[in-house]
Amino acid sequence: MSAHVHARPAPVGGRLLNLATVTCGVLILAALAVLAIRFTAGLGAVTNLNDGYPWGIWVVADVVIGSAFACGGFSVAMLVYIFNKGEYHPLVRPALLASLFGYTLAGVGVIFDLGRYWNFWHILWPGYASPNSVMFEVAACISLYILVMWLEFSPALFEKFGMKNARRRVGKAMFFLIGLGTVLPMMHQSSLGSLLVVFGTQIHPLWQTMALPAIFLISAITIGYAVVLFESCLAAAGYRRKIEMHLLTPLARVMLGMLSIFLVLRFGDLIVRGALGYAFEATLQSLMFWLETACFAAPLVLLRSAAQRRNPARLFVAGALLMLGGSLLRVNAFLVGYDTGAGWSYFPSVPEMLVTIGMFAIEVLGYIVITRRFPVLPREDHAAPAAAH
Amino acid sequence: MGSRQFSESGEPMAAPGSVESRLEMSRRSFLQFCATLATTLGLPKGAEAAVEKAMAAAERPSVIWLHFQECTGCTESMLRAEHPTIEKLILDVISLDYHETLFAAAGHQVEAARKAAMEKHKGKYLLVVEGAIPTKDGGIYCKVGNQTAIDLTRECAADAAAVIAIGSCASWGGMPSTIPSIAGADSSPTGSSGVAEVLGKPVVNIPGCPPNPYNFLATVVHFLTFGTLPELDAQGRPRFAYSRLVHENCERRAHFDAGRFALRFGDEGHRKGYCLYKLGCKGPETYANCPTALFGDAGAGTWPVGCGHPCIGCTEQGVGFTKPIHTLARVKNIEPPAVYPTIGEKQGQGVSLGSAAVLAAVVGAAAGAGAMVARNLGKAHEAEETPSNDPAKE
């Protein structure tokens, strides 16, 4: 790892007030207004949740999808530190930042959806906690991982505030934190799949399988790389920086490898279980299944040759499609393919969507503010692009 | 031995000098009485024999019964006991040496009887106090034989084997101690207090307004049989009678659990015998054995709730005479939910025009923005590729 010399991270700089940040601010205010009603008048006042569908997009989008999008950090960290691919090191900090935000917001987002949120600590408190429940694993992993990730990211903060001693101490424990920071999100992402396994026949056969934990985990890692491609392209376009194509092109190959494993597992499982026939019925579930599958398959076509992998536009679209596919997988498994009995239905209300949009706006705004003010993205030297290589 | 005597009911009369003849009851009735008391006390099987032995053998204990701020309701209640009747009790089971209501004697004569009994049975007599004791202004608001209630209580308690406070007034002050509706008054005008408070030591309390006579009798018989007082709770009440909420054994409990309540006196629910909780029944916060012991030996239903009146919580300090009858009790075991779930739950609504429009707008905006970013990235890429021959690449 130390064999690779990279440009040190530095703040991007520039004005904080612009069209993007103001738009995000407005969306966040709208979400806060809805949340104010939610916390005074209750869940029923703003959501379309009911006894049949006690979770809606606040859980599926803000927490389940939000945390999957936040897998960039651990996917890249795993690549760099565990598979010792030091060349990707410049990608770690920005990916970790996005993960930090994604996971922290996912943790906070759970509170919005809990009817009796003031009891949230019961799930981890000895005496209340039930270590045999899947939800316990989900809760324990997400809360521990958020803590570990803040520690992993703390060097950027210590550098900003000049706390050299703290920086050094964290640096010594970093190998351990990185190990934990890989294990915990893997446990968390797979346990989100286990959560549905225990629902049994209430989940449509296209998604209900004992392989669901593995499917969720591998798709989350794949999404992690897709998010890095997506963000790098977006940051390059937004900040008018040079794209780190020398990193993204090989990373896309890693992503395609994971994607292939995912698709083999996904379809292998469907065939072994004999559930593929459900995909050819004229139902909403089969339509959504093919939409999901198309989003997963498209990157294989879009990025099939090395030349195509050098085209940032294709990387961006492929990354976005993979993120969409991962989102659809989760929406389908948690909501579209979830049938709790005759008569129950759910579609998110406008206020619910406003909160979800606001949550993503917080992530975007936070990313912009932090990359402009804190040393996260690699220093850009206009005179000699990609100097160290 | 030829001529056996028979009672009016035809049962054989007992031999002269035996406990049966003393109590003027048949052997069978006597044993039934002993068994009843043993059961009331919650004693194990076989204890009725001990009770019987104690009753038959023991010298009748001397009892001194004082009256202070009270209505004599406790005595009236005792007078209506039938197992045994009060005359059997005071003439044969105990030796009632001083009782203002029941004594034929009066004045100095009766006070002399009290002092003689206290002298004779020093350290062995039972002191029973009925009524609250006024403590304000040196206790001048209640005097008997020119002695204040405080003095009398202390004097009689000094050499008593045990002190029993009968009724809520003697237990903690009861009705006389409640704050009257006098402007500016912050406590009872006469400072009515319970016996334990005046003596500064715990006594056996048999609260109730009036208390069930058998709770008192059983306590006395326990003392006779075992020489000790029954186990008491934190308020000095015998556990055998006061360890369960009225609510726990209430015959209307099933209506409470099913949510069937009388809402007004005389309404349909009230006539059907529904739960009186919403009429202010204090059963859920009052410890007493009323629903199981009943009153007046008249059979089922002969207790306040059985007659359709909410329990007023007379055995519970801070509830009886203090909380208005109509106010809701604080349920000490399980609180009923304030709101019950509706029967027809909302099953959710499908897509609304607004939500579909917002979702479509978001998807459209994201797709549009994505396409723009992709196009710009593509253009930049083309611009880099076309001048080609860039040796710096890779």
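## Strand β1 of chain B

H67(B) stands opposite E130(B) in β3(B). The model is a predicted one, in which local features need pLDDT of at least 70 and side-chain atom pairs count only at pLDDT 80 or more, while totals for chains, interfaces and linings use all residues. Residues are numbered from 1 along each chain as its sequence is written, with chains lettered from A and ligands numbered from 1 in the order in which they are written.

β1(B) and strand β3 (residues 126–130) of chain B pair in the parallel sense over five bridges; strands are DSSP runs of E of at least two residues, helices are runs of H or I of at least four, and both are numbered from the N terminus. Two strands count as paired if DSSP finds at least two bridges between them. β1(B) also pairs with strand β2 (residues 95–99) of chain B, in the parallel sense and over four bridges. In β2(B), S95(B) is the bridge partner of S62(B), and L96(B) is that of V63(B).

Six of the six residues of β1(B) (residues 62–67) are buried, so this strand is largely enclosed by the rest of the structure. Buried means that 20 or more other C-beta atoms lie within 10 Å of the residue's own, exposed that 12 or fewer do, and partly exposed in between, with C-beta atoms placed from the backbone. S62(B), I64(B) and L66(B) point one way from the strand, V63(B), W65(B) and H67(B) the other way, and all are buried.

## The sheet and its helices

The order β2-β1-β3-β7-β9 (chain B) describes an open sheet of five strands with parallel pairing. Its edge strands are β2 and β9 (204–206) of chain B, each pairing on one side only. From one strand to the next the twist averages 20 degrees.

Helix α6 (residues 107–120) of chain B packs on the sheet and touches β1 and β2 of chain B; its direction makes about 135 degrees with that of β2(B). Helix α10 (residues 213–226) of chain B lies across β3, β7 (162–166) and β9 of chain B, at about 155 degrees to β9(B). Axes are lines fitted to C-alpha atoms, for helices over the stretch in contact, and angles run from 0 to 180 degrees between N-to-C directions. A contact requires C-beta atoms, placed from the backbone, within 7 Å.

## Chain B overall

Chain B has 16 helices and nine strands. Of its 394 residues, 38% are buried. Among contacts in chain B with a separation of 6 or more, 67% are between residues 24 or more positions apart.

## Helix α8 of chain A

In α8(A), 22 of 28 residues are buried, so that the helix is mostly covered. At 1.5 Å a residue, the 28 residues should span 40 Å, and the end C-alpha atoms are 39 Å apart, which agrees; the expected span is 1.5 Å times one less than the number of residues. R240(A), with a positive phi near 55 degrees, follows α8(A).

Helix α5 (residues 89–113) of chain A packs against α8(A) at an angle of about 105 degrees, with the axes 10 Å apart. That makes α5(A) roughly perpendicular to α8(A), a class that covers 65 to 115 degrees, while angles under 35 count as roughly parallel, over 145 as roughly antiparallel and the rest as oblique. L91(A), P94(A), A95(A) and A98(A) in α5(A) meet V227(A), V228(A) and E231(A) in α8(A).

## Contact between the chains

The contact takes 25 residues from chain A and 20 residues from chain B. On the side of chain A that touches chain B, α8 (212–239), α12 (312–336) and α13 (350–373) of chain A each supply at least two residues. α12(A) gives the most, with five residues.

Technical notes: Contact = placed C-beta atoms within 7 Å.
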